[in-house]
Every structure is written in C-alpha cells, then in structure tokens.
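User: Could you take a close look at one part of this model for me? I'd like to hear about the sheet and the aromatic rings around it.
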Amino acid sequence: MMTPGPDHPITTAANPNRVRVKASDHVIADTADALTLREAGYGPVQYIPKDDIETGFLSQSAKVTQCPYKGAATHYSMLIGGELIENVAWSYDDPYPAVEDIRGRIAFYPDKVEVYEVSDADLKEHHHPG
C-alpha cells in the first residue's frame, strides 16, 4: 500500500454542481453529492453514491484492478438499450484509508458514457415555461 504524497497527490472534494451520467440518451445517474477525486497526472473523476445511480443497468464484471494508492477496484458492465458496454464503471468497496471517502461510490469511464456537470443555472434555464 502506498500513501499519496507530493510526488503523487490525491485529493477528494465535494462537487458543488450536480453530476449526471448519460448512456444511450438515458440519464442513469443524477446526484448532488458527487465527490471529485483528483490524482496526479489524471483528469478529475466523479465518484457518485450508489443510491443516485440506476444500478439495475450495471452488473459486476470479472475485471478487478489493483491501485497501489486506492486499493482493489471492482468493475461493472452496463446493459442498456440492448447494448452491452463492458467495464463502464468501477468502485472501491474497501479503499485504503487515504481515500476512505470514495467507499461505496461508483465512477464511470468518461470515454464510455457521458459524465457531465449541471449547475443550478442550467437547471433553471431548462425548466422555464414556453
């Protein structure tokens, strides 16, 4: 197990925006409680509580990866609209103490589904009459 440090920083912070995940034109996740994890050299990743995801589309895949900083990751595939998207998401069910707050959350690969932020302004804009 390795601990994040100056040469490999990892930070997590509550995302002030709503985060949605869209696959095949279907929003399968919508949360106001996303956690943004930033890790050395990688783009930010949104970790979403399982309660805010339509997990019926997800099934655990055989793929398990090991991160020296975060622990073992379980991967999920998604069957939606008759299409199977393999290893579309992952979660750390028992993460290392340094990233304990991502426990029980699922992150999606942004190259496989659309992961986007929605600000309150966007929400109001879309709901005006007419």
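How many strands form the open sheet, and in what order?

Analyst: A quick note to start: this is a predicted model, where local features need pLDDT of at least 70, side-chain atom pairs count only at pLDDT 80 or more, and totals for chains, interfaces and linings use all residues. Residues are numbered from 1 along each chain as its sequence is written, and side-chain values use heavy atoms, with hydrogens and water left out.

The open sheet has 7 strands in the order β1-β4-β5-β9-β8-β7-β6, with antiparallel pairing. Strands here are DSSP runs (E, at least two residues), numbered from the N terminus, and two of them pair if DSSP finds at least two bridges between them. At the edges sit β1 (10-14) and β6 (58-67), each pairing on one side only.

Within the sheet, β5 (residues 45-49) is joined to β9 (residues 105-108) by 3 bridges, and Pro49 stands opposite Arg105 in β9.

Now the rings. Rings of Phe, Tyr and Trp (its six-membered ring) pair if their centres lie within 6.5 Å; planes under 30 degrees apart are stacked, over 60 edge-to-face, the rest tilted. That gives 2 aromatic pairs. Tyr47 and Trp90 have ring centres 6.1 Å apart and planes at 90°, so they meet edge-to-face. This pair links Tyr47 in β5 with Trp90 in β8 (residues 83-91), 43 residues apart. Trp90 and Tyr109 have centres 4.5 Å apart and planes at 45°, so that pair is tilted. Tyr47, Trp90 and Tyr109 form one aromatic cluster.

Key: Helix = DSSP H or I, 4+ residues; strand = E, 2+ residues; numbered from the N terminus.
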